[in-house]
Amino acid sequence: MTAAMELSDVEATLGHYSSLTRDAMQQYLRDRAPGRYLYDLVRDYPSRIGKGIRPSLLLATCQAFGGSIDQALGPAVAIELAHNAFLIHDDIEDDSRQRRGRPTLHRVHGTPVAINVGDALAVLAMQPLRDGTPLGTRLSQRVSDEFVHMLTRTIEGQAIELGWRADNVVDLEPTDYLELIGQKTCWYTTVWPLRVGALIGSAGTAPLDAITRFGFYLGAAFQIRDDLLNLVGMEAEYGKELLGDVREGKRTLMLIHLLGNASIDQRKSLIAFLDRAGKHSDLPDDSALDIDAEAILELMVHYGSLEFAFQFGQGVATAAYESFHDAFAHVPRSASRGFIEALIPYMLARVS
Amino acid sequence: MNGREADGHAGPRRPGEFGPFQALTALTDVQRRGLDAATQVAREFADRLDMQPPPGTQPTAGTQPPPDQPNGSGPENGHEPGLAQLRVTVARALDLYADLVRSSFEGYADLMDQMLRSRGVEFDSDGGGLLTLQGGAGARAAGMVWMHNTTARQVSAVPRLTDLASHDGRVVPASAGSFQPAELTIEPGASSPATVEVVLGDVAPGVYRGYVLARGLPDAALPVRLLVRAEAGRS
């Protein structure tokens, strides 16, 4: 399966798992009052169809370890709802303009309403985990514990990133970046789906150390690619405004590389830009920053920061590949196992 | 890097070259940096996992596996394919059994709760299911009565004493007894006390029996035993 799996096959499988998750999600997104100010808006981001990597990874891992889709659908819905809650709050924190090709919620409805909608989605995300019938009491409790742990780690990672931007922290190494994304991205994008899928599929008997490491590598490859797409992707496919990360002063691998390689004067300008970006509420207008962001991209191209991140990501993907064979060493070959393995190159090749 | 065969590429893949990924054997310096940095951070990442798994389900996260089992998933931890499947089957069976026991217990508890609630309103005394009153002839005998409301509605009751009769036909009339408070209002699931007092007057010494009843509560009844002692100088 793996050898024959093309990019389109991976995306078709993602679409299949994603569709199952969306169908199961509907019962948590039903019409109810107050609709106009809350529940109509709660359905907004989930209706903007994304890749569905998180629920797909969870469902596939559960199947690979011998479980069924029905057993894992609740947690799959939970992570997708939590993901959408994170997106709303992230967009506010970054003052992003676009999400999945459309204006962000807070830009349309205002920040106070958007914060509340994000809160509602976060609470709704707990609901699918409350029905322990498909898993039994012990596993349900374990999955809930993992969920709380994942949320905590993600929020901690986000706090570190916001802190770096607010304090204009610039003396960073690639390992600092990896530690950051390990918290803010990997936990909820790959580590939790893999751990919970393995737990459910194996009825709690699977060792999770190797799974956790694989999840870290896979999530890191995902985030590095995401950061690159923000600079050089196709906006229509990527769904977010290009150069948004630069404007927001996000500490990406490319930025860290540029900070370490730029001339003294360029570095000074860069640090001044980041200082302003970290306090974006004080900016007179965004248009002035757009020019600076373009200039920074040019510097990144000039100093090979994009190529550095691309190759660095390949090194991470190599670790993911090795780790996959540890984590799934005793898992029988199957379509779902092949799909998970194919996600490694997919993380490096995806365009959205 | 690990002896695995490369897939024919000496250098890194490009995004357009999608296909099964294999570990790169000819690493550039940057790829090597990425690999090393990720490996270092992954180790710390797993070590920081402070969740405590239930006993017997998995090794503690961050525990280093034996040297001959690089991922801790070798035969010793029961993950040979056949044994792993057996463990899964046993774990599922145990989960089912545990949930069956739990749901049975919850069902039993619900049943008991229903039974208790169906008992309605009951009288009780400090002595259990029998109210014993004692006093000397010509004096007063007093005791405490409790009324328990195990229904889901508020109850109001007016307790009263029946005639108390001795074995030889003597009677202490109901009018000799009184309650304080005279009427009780009890919330659902609550209990309330009342003091009962019997004026013995000319009652002859002996043992008298009767009931505490309550107007409006036909099923509530508390047996009463009244012991009347002979006073000095009386017979």
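1. Helix 10 of chain A bends by about 75° at A:Cys186. The bend is the angle between axes fitted to the seven residues ending at a residue and the seven starting there; helices are DSSP runs (H or I, at least four residues), numbered from the N terminus. This is a predicted model, in which local features need pLDDT of at least 70 and side-chain atom pairs count only at pLDDT 80 or more, while totals for chains, interfaces and linings use all residues. Residues are numbered from 1 along each chain as its sequence is written, and chains are lettered from A in the order in which they are written.

2. Helix 10 comprises residues 174-201 of chain A and spans only 35 Å between its end C-alpha atoms, whereas a straight helix of 28 residues would span 40 Å. The expected span is 1.5 Å times one less than the number of residues. After the helix comes A:Ala203, with a positive phi near 55°.

3. Of the 28 residues in helix 10 of chain A, 26 are buried, that is, 20 or more other C-beta atoms lie within 10 Å of their own, with C-beta atoms placed from the backbone.

4. In chain B, the domain assignment, which is automatic or from a database, gives domain 1 (79-118) and domain 2 (121-229). Their C-alpha centres lie 48 Å apart.

Methods: Helix = DSSP H or I, 4+ residues; strand = E, 2+ residues; numbered from the N terminus. Buried ≥ 20, exposed ≤ 12 C-beta atoms within 10 Å, placed from the backbone.
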